[in-house]
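Please prepare a short briefing on the structure shown below, grouped by topic and with the cut-offs behind each term.

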Amino acid sequence: MKNNLKIYENPIIYIITLIVSIGIIMLFSASSTIAFNKFNDFSFFLNKHIIRLIIGFLALFVLYNINFKYFKNYSKELLVLSWIIVISAYLLNNGTSTNRWLIIGGKNIFTTSDFAKMALIIFTAKYIESNKQNINDFKIMLKEYLPYLLITLMLILFQPDLSTTAIITAIIITMLIIGGLKIKYLILPSILSIIAVAIKINITPYQYDRFMNWVSGTLNYQTTHSLQALGNGGFFGSGIGNSIIKDGYMPEVHTDFILPIIGEELGFFGITIIFTLFTLLYFYGIKICKSAPDIFSSMLSLGITINIVYYFLINASYVVGILPTTGLPIPFISYGGSHTLFCLASIGLLMNISKYTNIYKYKKL
């Protein structure tokens with residue numbers, strides 16, 4: 001009877017380990033010159049990245065071993081807690097122009113939007129399950145869901161973080177549509193959202209310039225050199241450590257624009273491997289979503305999976321100029337402790353759902 005069970009945890013951890021391993025190698029290659037010039041230490045960024053990976057894998061292990069239903073029972077409390085954390089970032093701001101980080105004792109603890117995003121995904125999964133038969137009842141949505149959604153999005157938007165607000169919106173819309181919400185109910189909110197985004201872009205000079213350059217087809221400095229790096233790589237690349245573009249020609253090569261460095265050093269072959277690994281991760285995430293024992297765990301699996309995949313696809317799109325530059329990282333690869341930590345933690349939750357799905361099915365056999 002146990003042969004009827006589907007074990008997806010092992011493939012997922014293998015895929016994540018491969019992505020993280022490639023990320024470690026490429027992060028060191030991309031960041032070593034910058035690290036030496038700024039801190040006289042080639043491995044400065046690598047060391048910090050590895051520490052954050054260790055914390056992230058610990059979070060993965062913890063969430064893998066906690067029954068995911070606890071998050072369901074306290075979904076509203078988690079979301080309200082995320083608001084408090086986001087607001088705390090405003091209050092504890094160290095004088096910078098953004099309020100994205102929770103800063104305690106002068107140290108950046110994590111990006112508050114990452115926590116809020118996961119809390120909102122959990123809350124949305126609970127809402128879809130609780131209102132499956134009434135998902136298209138606008139009165140219920142107006143009372144029990146929209147206020148929580150709008151408060152979360154507005155808090156993140158005014159950090160300011162337009163790109164994260166946009167991708168969270170895309171994740172939530174996907175979850176709601178898959179959960180049964182008719183598209184017609186999204187028309188008016190979508191129009192209002194577009195108007196709000198247009199106003200935000202218009203009153204923010206750097207966002208306006210970035211958007212207008214994209215609309216006109218004018219490539220910015222980063223995208224121009226990104227395409228050059230990808231072209232330099234050819235099929236098999238110039239070899240690890242041999243990138244030309246990373247040496248002062250393009251900023252943020254170890255964060256937002258690490259993919260072109262992978263393309264330059266590992267070529268089209270390396271890029272194909274990265275795309276294949278994320279495709280496999282999506283495949284297994286959807287498998288867990290389809291086999292989940294209840295609506296909440298199914299929707300939560302979906303939210304976690306598309307969160308990671310959307311970030312990857314958006315990053316891959318803007319480094320080649322398909323989308324305007326957003327600053328969103330590649331999960332598990334780009335330098336950035338908060339996003340890495342929450343992505344690994346969410347994978348632990350995804351594996352947790354797979355584990356408890358099999359426990360549930362085994363009891364039924």
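Which side chains does a polar contact of 3.3 Å join? It joins those of Glu-9 and Tyr-64, a polar contact being a pair of N or O atoms within 3.5 Å in which, within protein, one must be able to donate a hydrogen and the other to accept it, while residues adjacent in sequence count only if both atoms are side-chain atoms. The model is predicted, so local features need pLDDT of at least 70 and side-chain atom pairs count only at pLDDT 80 or more, whereas totals for chains, interfaces and linings use all residues. Residues are numbered from 1 along each chain as its sequence is written, and side-chain values use heavy atoms, with hydrogens and water left out.

**Glu-9**

- Glu-9 is found in helix 1, residues 9-39, helices being DSSP runs of H or I with at least four residues, numbered from the N terminus.
- Glu-9 is buried yet has no salt bridge, and the nearest side chain of opposite charge, that of Lys-355, is 6.9 Å away; buried means under 20% relative accessible area, exposed over 50% and partly exposed in between, with a 1.4 Å probe and protein chains only.
- A salt bridge would require a side-chain nitrogen of Lys or Arg within 4 Å of a carboxyl oxygen of Asp or Glu; for charge, Lys and Arg count as positive and Asp and Glu as negative, with His and the chain ends not counted.

**Nonpolar core**

- The largest nonpolar core has 99 residues, and those with the most contacts inside it include Ile-12, Phe-278 and Phe-332; such a core is a set of buried Ala, Val, Leu, Ile, Met, Phe, Trp, Tyr and Cys residues joined through side-chain atoms within 4.5 Å.
- Helix 12 (residues 258-291) supplies the largest share of this core, 13 residues.

**Aromatic pairs**

- There are 20 aromatic pairs, counted where ring centres of Phe, Tyr and Trp (its six-membered ring) lie within 6.5 Å, with planes under 30 degrees apart stacked, over 60 edge-to-face and the rest tilted.
- Tyr-8 and Tyr-284 form a tilted pair, 6.0 Å centre to centre with 55° between the planes; Tyr-8 lies in the segment before helix 1 and Tyr-284 in helix 12, so the pair ties together parts 276 residues apart in sequence.
- Phe-123 and Tyr-145 have ring centres 5.9 Å apart and planes at 10°, so this pair is stacked.

**Positive phi**

- Asn-40, not a glycine, has a positive phi of about 55° and is exposed, with a relative accessible area of 59%.
- Phe-332, also not a glycine, has a positive phi of about 75° but is buried, with a relative accessible area of 1%.

Methods: Helix = DSSP H or I, 4+ residues; strand = E, 2+ residues; numbered from the N terminus.
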